[in-house]
Amino acid sequence: MNRRPLRKFKNGAFLVLSSIATLMGLACLAAILWTLLSHGLAGMSWHLFTEMTPPPGAQGGLLNALYGSAAMTVLGILIGSPIGVLAGTYLAEYGKKSRLSTVIRFINDVLLSAPSIVIGLFIYEIVVVHMGHFSAISGALALAVLAIPVILRTTEDMLNLVPVGMKDSSAALGAYPWRTTLSVLYPAARSGIVTGLLLAIARISGETAPLLFTALNNQFWSTDLNAPIANLPVVIFQFALSPYKDWQDLAWAGALIITVTILILSISARVLLALLQSGRGAGR
Amino acid sequence: MAIIDPRHAAKQLIYERIFRAATLSAAILVLLILGGVAISLLRGAWPAVAHFGFSFVTREIWNPVTDEYGALAPIFGTIVTSVIAMLIAVPTGFGIALFLTELCPPLLKRPIGVAVELLAAVPSIIFGIWGLFVLAPVLQRHVQPWLIDHLGDIPAIGDLFKGPPYGIGILTAGVVLAIMVLPFIAATLRDVFDTVPPMLKESGYGLGATTWEVIWHVVVPHSRVGIVGGVMLGLGRALGETMAVTFVIGNAHRISASILAPGTTISSAIANEFTEAVGDLYTSSLIALGLLLFIITFTVIAVAQAMLRRLERRGMSAA
């Protein structure tokens, strides 16, 4: 029995189907970017960056939301990065194969894909309930908790890439591990660790769910970390679901700003990583 | 440093201890965060758990006026939307991963891979707003009427496609979720397929197998554990995803047979109602929903990670 035509047919069908799947994936990305550009560019103007979020029917911008998002992201990274970097250092340098490290690595990977809304509830329970009100600082803490796993993972991976010879040389000069880490490993892994920070910023700057009940929102300009603060994702959420045309336009403009920022961050992180890898490859 | 100053050495040792303690406490903090999440959710959910007991997860009622809450509708919605998402995203992600590892011209491999990863970086609120304003109208006008006309009258499965085409609802949420988890599944599966030793694949080709036969008889069996792990990782994402679903689910606390009807999920119920919840029991019930979500996703993600780890270890011992 000649099975050759059937086999060729199956193979051809598979080739076509998997190419279609890839085209569908790319089409989704293109469709989303196209929608954002066509709706968002219309709303782009200087008002966005100079005026506060308006009441319905009035003209306005997103200044307070942009500031609030930037402030909480920066604060979240400032809180999260020392913890992430130090914990990653522990896993890579001190506890490499200990049972504790295995557990921490596992838990960290679970946290990496844990639903962000659950993290929001956690911060609500331990911070907002005790303070008695919503606040910018609780929003920043929620973002920090989301940033830590990303930073920890990248730091550990990047420290592991540093050639053992460099570490040994430092140890041979009589340096304690802390000195080696600070003066040899961190500089050698610097761009890798920066990549982790960029990825973490990209991850947290679009997060909405954990801010809903930590930072809440604020229609006015506020720099008080102890009070609710406006932020881009929650403003987009509220304005997009509103029946007012002005608000929806602002939501689209905000969505475009946030997406472009995040895509630029992720692309730079990837470029940095590629440079790092090609540099290392040439060095060997 | 020809002469070692004992004072200097003692100071170095102190710094060393401080630094080591700092890194260790940061690492332990990660454990404490997870423990803290579990404990704080338990504490917050306690009033609801104590009041409703086990019936919380078996009752459909959700009535803030009479202060009665049951989690069955959100649990149902979460599972059904995730199942729809996986039914779409797993075959598609599988196709993309195979295209990238086995078929793609080397020149296009990186750009397409990066594009898929960028889709993963788009924040979920963007998927939500896109789903509401672009996808839902398209489904309402073109896809849902077709489903109702052609599948609505078939016995047994017809009930799934009954009712008016709302646009928003369980099906739309499932489709948006599918697009969201697709890049995660595709990227994980691509990495999994990349762990198959080229020697095995070349042996297959050497025996005269077609690309499909090599994939089905060599690549897939070899990476079975990783495939299940990658799919479950995607499932974990789909179960916990909040904003994208909140936009398009319709937020109706009821269980409908039709997947075209509005519904609710655990995460969207929390996102929609938490800040408006008045009364301790209402808030506590929402936190209890969060606890349920935490337990479900934790289990799924932990199993996924365990399977991916098994693959990694095997990959290392084979190399």
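Residues are numbered from 1 along each chain as its sequence is written, while chains are lettered from A and ligands numbered from 1 in the order in which they are written. Because this is a predicted model, local features need pLDDT of at least 70 and side-chain atom pairs count only at pLDDT 80 or more, whereas totals for chains, interfaces and linings use all residues; side-chain values use heavy atoms, with hydrogens and water left out.

**View 1. Chain A as a set of helices.** Chain A has 12 helices and zero strands, where helices (H or I, at least four residues) and strands (E, at least two) are DSSP runs numbered from the N terminus. Taken along the principal axes, the C-alpha atoms of chain A fill a box of roughly 70 × 70 × 35 Å. Of its 284 residues, 51% count as buried, a word that here means under 20% relative accessible area, with exposed meaning over 50% and partly exposed in between (1.4 Å probe, protein chains only). Among the contacts in chain A with a separation of 6 or more, 73% come from residues 24 or more positions apart, a contact being heavy atoms within 4.5 Å.

**View 2. The interface of chain A and chain B.** Here 81 residues of chain A are in contact with 83 residues of chain B. The area buried between the two chains is about 7200 Å², and carbon and sulfur atoms give 79% of that area; buried area is the accessible area (1.4 Å probe) that two parts lose on being put together, summed over both. Phe14(A), Ile32(A) and Trp178(A) supply 9% of the area that chain A buries against chain B, which is more than any other three residues.

View 3. The rule finds three salt bridges across the interface of chain A and chain B, a salt bridge being a side-chain nitrogen of Lys or Arg within 4 Å of a carboxyl oxygen of Asp or Glu. In a salt bridge between Arg7(A) and Glu213(B), the closest N and O atoms are 2.6 Å apart. Helix H1 (residues 4-43) of chain A gives the most to the side of chain A that touches chain B, with 18 residues. The residues of that side divide into 59 nonpolar, 16 polar and six charged, where Ala, Val, Leu, Ile, Met, Phe, Trp, Tyr, Cys and Pro count as nonpolar, Asp, Glu, Lys and Arg as charged, and the others, Gly among them, as polar.

**View 4. Thr35(A) in its surroundings.** Thr35(A) lies in helix H1 of chain A and, at 6% relative accessibility, counts as buried. Leaving aside residues up to four places away in sequence, Thr35(A) touches Gly40(A), Trp252(A), Trp130(B) and Val134(B).

**View 5. A salt bridge between two helices of chain A.** Arg153(A) and Asp109(A) form a salt bridge, with their closest N and O atoms 3.1 Å apart. Arg153(A) lies in helix H6 (residues 136-161) and Asp109(A) in helix H4 (residues 99-112), so the pair ties together parts that are 44 residues apart in sequence. Arg153(A) counts as partly exposed at 35% relative accessibility, whereas Asp109(A) counts as buried at 7%.

**View 6. Two salt bridges within chain B.** The side chains of Glu68(B) and Arg59(B) meet in a salt bridge (3.5 Å, N to O); Glu68(B) is partly exposed at 28% relative accessibility, and Arg59(B) is partly exposed at 27%. Asp191(B) and Arg190(B) also meet in a salt bridge through their side chains (3.4 Å, N to O), with Asp191(B) partly exposed at 43% and Arg190(B) buried at 16%.

**View 7. Helix H9 of chain A.** The 16 residues of helix H9 (residues 190-205) should span 22 Å at 1.5 Å a residue, and the end C-alpha atoms are 22 Å apart, which agrees; the expected span is 1.5 Å times one less than the number of residues. Among the buried residues of H9(A) are Gly192(A), Ile193(A), Leu198(A) and Ile204(A).
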